[in-house]
Amino acid sequence: MSDNIPDQDIICDIQNVCTEFGDNIVHHHLNLKVKRGDITALVGRSGCGKTTLLRHIIGLTKPKSGNVLLFGENLHAMERVAQRRQMNRFGVLFQQGALFSALSVFDNIAFPLRELKQLDESVIYQLVMHKLALVELDPRDADLLPAEISGGMVKRVALARALALEPELLVLDEPTAGLDPDRSHNFIDLVKQLKKSLGLTVLFVTHDMDTLASLAERVAVLEDRHIIADCTLRELAEIDHPFVINFFQSIRSRLERL
Amino acid sequence: MTAASFHVTQDGQGRRHVQLLGQWSLRAPANDFGKLKKSLHPFFVDTFTKWDLLEVEQLDAAGASTLLSGWGNKLDSNVSLKPEHTELFNTLMSLTRPPTRKTELDWLSPFNTLGEGVLHLWQHFTKFIHLLILLLLEIAYLFSRPQDFPWREFSANVYKSGVNALPVTALLGFMIGVVMGYLMSKQLHTFGADVYIVNILGLSIIRELGPVLMAVLIAGRSGSAMTAQIGVMRVTDEIDALTTMGISRILRVVLPKVLGLTFVAPLLVLWTSGWTLAGGAFASNLELGISYHFFFNYLPLAVQPINLTLSLIKGLMFGFVVALVACHFGLRIKPNTESLSNSTTSSVVTAISGVILVNAGFAILTRGIGV
């Protein structure tokens with residue numbers, strides 16, 4: 001980990017985070033920095049606390065001790081209006097999409113825009129159509145309810161909602177879980193393309209090796225309650241740790257194919 | 001980060017130049033596009049205004065769309081753009097326009113709404129009858145295969161809707177008993193008819209109030225829970241999972257709820273009526289000095305025992321109605337939160353209305369008995 005990155009280039013800074021659930025220690029003095037413009041994958045065994053760490057980062061939970069700085073500030077130490085502004089600077093794609101089931105696709109994407117209370121309806125309409133076009137959905141699908149669309153579409157609508165405010169940081173929890181290989185491939189291309197056009201920083205959790213190999217630029221390995229590696233995928237080869245060695249073997253062939 | 005701002009100059013011919021500066025994006029926390037649009041309004045309406053976007057640091061879709069809506073959704077020669085921004089504007093302009101919805105006053109709409117309402121009601125009614133018949137068929141099936149009876153679910157329902165309801169029904173029953181006893185004692189005392197407090201409380205509570213109070217409480221407590229539970233089971237595909245295992249959803253989900261509540265409701269009626277009478281006895285003891293011993297000794301003489309049978313039959317019917325209505329609405333829930341809340345509300349309202357309707361019918365049928 002290099003410590004000489006200028007402060008404004010660190011989007012997310014996790015310092016000495018400890019988390020415990022009862023007797024189960026999940027994170028023990030965990031440190032991680034996410035640099036602006038990177039696509040970072042967070043990997044580790046099932047149940048090692050990846051999603052918990054993600055929830056700390058987006059401010060849903062608070063670690064027992066330690067600091068989570070997002071854009072240089074601690075979300076939990078801010079006053080309400082500033083906190084809300086700060087939360088508009090990142091978008092989250094939940095594993096199941098977490099679309100509001102009572103609202104149509106259009107209203108789901110328009111929701112964060114309407115909450116700003118700055119834009120009028122014609123602008124909101126145009127922006128929603130723009131986001132739908134970004135994730136390659138048909139404008140005719142806008143009136144459907146989340147229950148009426150397929151799993152792949154739910155993910156894309158959820159992505160469109162996460163992107164509605166054109167955030168700096170995009171947090172994805174298992175972005176390709178539940179998608180067929182074709183769709184997940186398209187989804188990865190979509191995220192990469194959006195990253196380029198919108199200048200995003202992406203942080204994601206995945207178990208899918210194909211997603212990891214084709215999307216991640218950097219990888220942070222969570223093992224033994226802290227980050228044991230934070231480097232590019234190819235640099236993993238040089239790390240001597242049983243989990244990393246195992247892990248790298250399973251992605252090596254995929255890296256070579258790229 | 002610099003917030004979005006603009007700078008206005010005027011050239012020799014009186015034309016205004018608006019130069020946009022800073023970050024025209026939602027990322028800059030200080031931006032308020034509502035205010036910006038308002039302050040730019042005088043320049044938007046002036047078609048001769050020149051727009052200079054060359055100094056803009058960052059432009060996102062929200063900023064571009066706000067400007068575009070001010071310019072009447074077109075770019076003309078008055079606007080000078082950075083090449084990388086042109087593409088964004090072109091994309092935005094190529095998007096579909098909102099459909100222009102005409103809102104015409106339709107004189108037939110009240111009739112349409114009424115007709116739809118009637119059809120909707122009719123649909124509910126037929127589906128309800130359908131469910132009832134399916135339930136009866138399952139019961140008939142159980143006679144041929146008694147080992148399939150879902151005892152575990154049945155007893156779980158008896159426990160959840162019966163045993164767990166004991167404290168709340170006792171407390172509310174007792175309090176209502178106290179209030180009624182107190183008011184009636186006052187009235188009867190003015191006529192010197194103190195003793196009749198037993199008759200009046202006994203008859204009204206055992207015959208009417210106990211069963212109805214119990215039904216209202218379990219409709220709110222167990223009925224809503226049943227509807228929500230079945231609804232969530234539908235949303236999470238649990239009902240389909242049951243069906244694919246070859247297990248009838250009526251047999252496993254609906255039947256234990258209906259039979260459980262039907263079984264436990266008469267017992268709850270006894271319990272509620274008992275506590276309401278206790279409340280009444282307590283109030284009449286305080287107000288009129290009638291001893292508990294006298295109150296409960298005189299009760300069987302004042303109220304014919306047949307009333308107790310009637311109240312138990314009512315309990316059976318009310319439990320059946322509440323559970324069946326709850327299951328009916330639960331099975332109609334669509335997989336979204338709005339439908340879940342609507343159906344739960346409808347379930348409770350319909351169950352209580354059904355109970356009162358059944359009670360009225362029953363009162364007419366049994367008007368000659370026990371009074």
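Hi everyone, let's start in the middle of things, with the largest nonpolar core. This core has 94 residues, and the ones that touch the most other members are Leu42(A), Ala160(A) and Val171(A). Which element gives the largest share of this core? That is H4(A), with eight residues. Please keep in mind that what we are looking at is a predicted model.

Let's stay with Leu42(A) for a moment. Leaving out residues up to four places away in sequence, Leu42(A) touches Lys50(A), Leu53(A), Leu203(A), Phe204(A), Val205(A), Ala220(A) and Leu222(A). There is also another core, apart from the largest one, with 48 residues. Its members include Ala215(B), Ala265(B), Val303(B) and Phe318(B).

Back to helix H4 of chain A, which covers residues 121–134 and holds Tyr125(A). Is Tyr125(A) buried or exposed? A residue counts as buried if 20 or more other C-beta atoms lie within 10 Å of its own. Tyr125(A) has 22 C-beta neighbours inside 10 Å, so Tyr125(A) counts as buried. If you want a sense of distance, take His226(A), which is 101 residues from Tyr125(A) along the chain: the C-alpha atoms of these two are separated by 44 Å.

Now for the strands of chain A. Here we find an open sheet of four strands, paired antiparallel, in the order S2-S1-S4-S5. Which strands are at the edges? They are S2 (24–35) and S5 (73–74) of chain A, and each of these pairs on one side only. Elsewhere in the sheet, S1(A), residues 10–21, runs antiparallel to S4(A), residues 65–70, and five bridges join them. If you'd like to find one of those places on screen, look for Cys18(A), whose bridge partner in S4(A) is Ser65(A).

Let's move over to chain B. Strand S1(B), residues 5–10, and strand S2(B), residues 16–24, run antiparallel and are joined by six bridges. Within this pair, Thr9(B) stands opposite His17(B). The hairpin these two strands make has five residues between the strands, and there Gly14(B) takes a positive phi near 80 degrees. S2(B) also has a partner in S3(B), residues 50–52: these two run parallel, with three bridges between them. Here the partner of Gln19(B) is Asp52(B).

Next, two helices of chain B. The axes of H4(B), residues 109–144, and H9(B), residues 249–288, come within 10 Å and cross at roughly 95 degrees. How do we describe that angle? Anything from 65 to 115 degrees counts as roughly perpendicular, and therefore H4(B) and H9(B) are roughly perpendicular to each other. Where they meet, H4(B) brings Leu134(B), Leu135(B) and Glu138(B), while H9(B) brings Ile250(B), Leu251(B), Val254(B), Leu255(B) and Val258(B). By class, the residues of this contact are seven nonpolar, no polar and one charged.

Last stop: the place where the two chains touch. How many residues does each chain put into the contact? Chain B gives 23 residues and chain A gives 21 residues. On the side of chain B, the elements that give two or more residues are H1 (33–45), H2 (61–70), H3 (83–94) and H12 (337–365). H2(B) gives the most, with five residues. Sorted by class, this side of chain B has nine nonpolar, nine polar and five charged residues.

Technical notes
Residues numbered from 1 in each chain as written. Chains lettered and ligands numbered in written order. Predicted model: local features only at pLDDT ≥ 70, side-chain atom pairs only at ≥ 80, totals over all residues. Contact = placed C-beta atoms within 7 Å. Nonpolar A, V, L, I, M, F, W, Y, C, P; charged D, E, K, R; others polar. Pairing = 2+ DSSP bridges. Axes fitted to C-alpha atoms, helices over the stretch in contact; angles between N-to-C directions. Parallel < 35°, antiparallel > 145°, perpendicular 65-115°, else oblique. Buried ≥ 20, exposed ≤ 12 C-beta atoms within 10 Å, placed from the backbone. Core = buried A, V, L, I, M, F, W, Y, C linked by C-beta atoms within 7 Å.
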